[in-house]
Amino acid sequence: MASLKELRARIGSIKSTKKITSAMKMVAAAKLRRAQARAESARPYASAMRRMMAELAGATVGEEGGPLLLTGTGKDKIHLLVPLTSDRGLCGGFNASVHRLTERLIRRLQSEGKTVKLLPVGRRAISYFSREYSDLIVDKIMGIPGDVPFSVAEGLGVKINALLEAGEIDVCELVFNKFINAMSQVPQKQQLVPLVVEDAAETSAVADENKALYDFEPDEETLLFRLLPKNLQVQLYAALLETAAGENGARMTAMDNATRNAGRSIDSLSQVYNRTRQANITNELIEIISGAQAV
Amino acid sequence: MPVQLDIISPEKVLVSREVEMAVIPGAEGDIAAMPEHAPVMLLLRGGVVSLYENGVVTDRFFVEGGFADITADRCTVLADRAVPVSEISVDEATARLEELTTLWGRSDKHDDPQSIDALQAQILSARAEIDAASAAH
């Protein structure tokens, strides 16, 4: 059995751990609220962008030699995977789930005989993938500020576009945690290139209605060439914001669990401590009494 | 009947209200969004969006490139960056213009025409920002 002094030290150390985890939980909760507000205020731009994309894509659909971002290279040989993670750990299985899904995709694509390239975002993904797949990494991004400025998404979009234009990739897929709520984030992949035009039925309905009506200035192609890279950036931005919100949600949950476990651990250790102390006192009393009786 | 005007940057919504008319800096010239306007989708240049009410300008916003979607009752401006004209920092814009000008001086004019065009658009946009600010102050 541990001595009283050891027990006291352990209880003390768990108490300070508990203080840290509960502080981290509170910080994560505050950051989560801000991240959610940011994601909320970024939504109108994304939805307006989607509406314009649908109208434009409807007007130019079926034309040969469209922009690479929309149609891809026509090949399916080289895949670029972009796993989005946080820069810091201590957020439960948040980053590990992205790593796992990415790894599964890498193995599947490689077994199909395709070339895989990686562009990890966030320090966690970079350190994880440079251990296992360092030869696949073409570029990396880390040190994203907490308020996730749009310029980060812009830079990432430009990088992906440059790789595509240079013919170094055919398909680009994003792997990130979709933010459901503070408790759950679901890892998922999203294809960025070639562009998947969402809800095709609705799109064509809109296009039919407005096809003859809409004027484009300067012209459809110019607009499409400008809109597509922006659209890519907006999608990346949305995913980055979801990652930021998810990271803080996951950290909040993880730290809440840690705080609760620390409390439980303190309780049971205190119980052991008190019992041991009582046992020591009883022992001493027995010794004294039996000593007195002997006299 | 007013037009519903929205000016949206990637990070947030700047304006969302009804106006009588909005003049928008299109890439090929200014265009006024008014009720019953034919649907147009246009590319923007760096310039000022002016909001009109009862025939006078009530608000002015500087937008740096982007897109606009005009329909009969709605005008949506998707700006890469947007600021109220009163909040433009002339010093910042001047610094940016200088930086772009040196970049322009160094760039190879026989380089790929797309990046030259983009640079030119940025320079024009920075100039327009300074002009807008000095006209307002």
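1. Pro218(A) sits in the loop between strand 5 and helix 7 (220–294) of chain A; helices (H or I, at least four residues) and strands (E, at least two) are DSSP runs, numbered from the N terminus. The bond joining Glu217(A) and Pro218(A) is a cis peptide bond, with omega about 0°. This is a predicted model, in which local features need pLDDT of at least 70, side-chain atom pairs count only at pLDDT 80 or more, and totals for chains, interfaces and linings use all residues. Residues are numbered from 1 along each chain as its sequence is written, while chains are lettered from A and ligands numbered from 1 in the order in which they are written.

2. Another cis peptide bond runs from Val193(A) to Pro194(A), with omega near -10°. Pro194(A) lies in the loop between strand 4 (185–193) and helix 6 (200–210) of chain A.

3. Strand 5 (residues 215–217) of chain A pairs with strand 5 of chain B in the parallel sense over three bridges; strands pair if DSSP finds at least two bridges between them. Asp215(A) stands opposite Val40(B) in strand 5 of chain B.

4. Between the chains, 19 residues of chain B are in contact with 23 residues of chain A (C-beta atoms, placed from the backbone, within 7 Å). Strand 5 (40–44), strand 8 (66–70) and strand 9 (74–79) of chain B each give two or more residues to the side that touches chain A. The largest share, four residues, comes from strand 5 of chain B. By class, this side of chain B has twelve nonpolar, three polar and four charged residues. Here Ala, Val, Leu, Ile, Met, Phe, Trp, Tyr, Cys and Pro count as nonpolar, Asp, Glu, Lys and Arg as charged, and the others, Gly among them, as polar.

5. Chain B is assigned domain 1 (3–85) and domain 2 (88–136), with bounds from an automatic or database domain assignment. The C-alpha centres of domain 1 and domain 2 of chain B lie 22 Å apart. Their contact takes ten residues from domain 1 of chain B and nine residues from domain 2 of chain B.

6. Phi of Val148(A) is near 40°, a positive value in a residue other than glycine. Val148(A) is in the loop between helix 4 (123–132) and helix 5 (150–165) of chain A. Val148(A) counts as buried, with 20 C-beta neighbours inside 10 Å (buried: 20 or more other C-beta atoms within 10 Å; exposed: 12 or fewer; partly exposed: in between; C-beta atoms are placed from the backbone).

Notes. Contact = placed C-beta atoms within 7 Å.
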